[in-house]
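Please keep the sequence and the coordinates at hand.

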Amino acid sequence: MKIYIITDLEGVAGVVNWDSHQERSSDTRATEWMTAEIQAAIDGARSGGAEEIIVAESHKVIIDKLDKEVKLVLSGGVASYLPGLDESIDGVFIVGQHARAGVGTGVLNHTGNSAIFNTYLNGIAVGELGFEMAYAGNMKVPVILLTGDAEATQEAKALVDSMETVTVKEGINKYQAISLHPEKACELIREGAKRAVERINEIKPFTLKAPYDYRVEFTTTQTVSKMCLIPGVRKVDERSIIYTSDNFQKIANMNLLRAYLYDAE
Ligand SMILES: [Zn+2]
């Protein structure tokens, strides 16, 4: 069995502010906690029967602290959405995830970057996790485990109720939370990962019907002006664009371009 792990930082136990990003601070504890949670997920997957594990690195995962048998997807620059996530994967884990932009009690809630107000796929409001689930689902690959704060796990469950989730902190608001101790979080993630692998056949992929509509509401009109330079992108209103395709890969590519055209003003 082959498991692909998508990683993020903001939904890790102990993390409640942007300073936790190693890029922005000398405090490396957050990346250590994130790395430990990823390793806990790897350990759980192995004890459940997974043989091959691929980890998509983000936010400077301390890769030499991970199980030496994993394969790492590394991105010094990004021009491909989740490389290595294809039909050969049996199940996906999303570790350390946060809620979508606008969810008040979602710790560090956001979608991609601060230029995004909302994103929708076929009319369904999705954040990063919903987009990832749809991307995998388009290849009939289920996301079988998601770990993060309470709002993130609820957001995932609302899309596929049968998936396994592990809640590591409860948000009070964007920057305050009641969190588990990092070691306790790892203990629960290990158990959740094992259960997810054991239950893989009961968990459905999140599938949408083609044609796929990708609508993005931005916080700034300038990003709309830039996005409309791309052939096929249509303006919906001063803050929103829509892009439609029968090919989900093209929707994922548009999602990457959207990140490049970031404009926070
Ligand atoms: Zn994220």
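Two strands pair if DSSP finds at least two bridges between them; helices (H or I, at least four residues) and strands (E, at least two) are DSSP runs, numbered from the N terminus. The model is predicted: local features need pLDDT of at least 70, side-chain atom pairs count only at pLDDT 80 or more, and totals for chains, interfaces and linings use all residues. Residues are numbered from 1 along each chain as its sequence is written.

Q: Which strands stand at the edges of the open sheet, and why is one side of each left without a neighbour?
A: The open sheet has 5 strands in the order β6-β5-β10-β12-β11, with antiparallel pairing.

Q: Which residue is the bridge partner of N118 in β10?
A: Strand β5 (residues 116–121) runs antiparallel to β10 (residues 212–218), and 5 bridges join them. Within β10, Y120 has R215 opposite, and the bridge partner of N118 is E217.

Q: Which residues form the uncovered face of β10?
A: In a regular strand the side chains alternate between the two faces of the sheet. In β10, the covered face holds Y212, Y214, V216 and F218, and the uncovered one holds D213, R215 and E217.

Notes:
A residue is buried if 20 or more other C-beta atoms lie within 10 Å of its own, exposed if 12 or fewer, and partly exposed in between; C-beta atoms are placed from the backbone.
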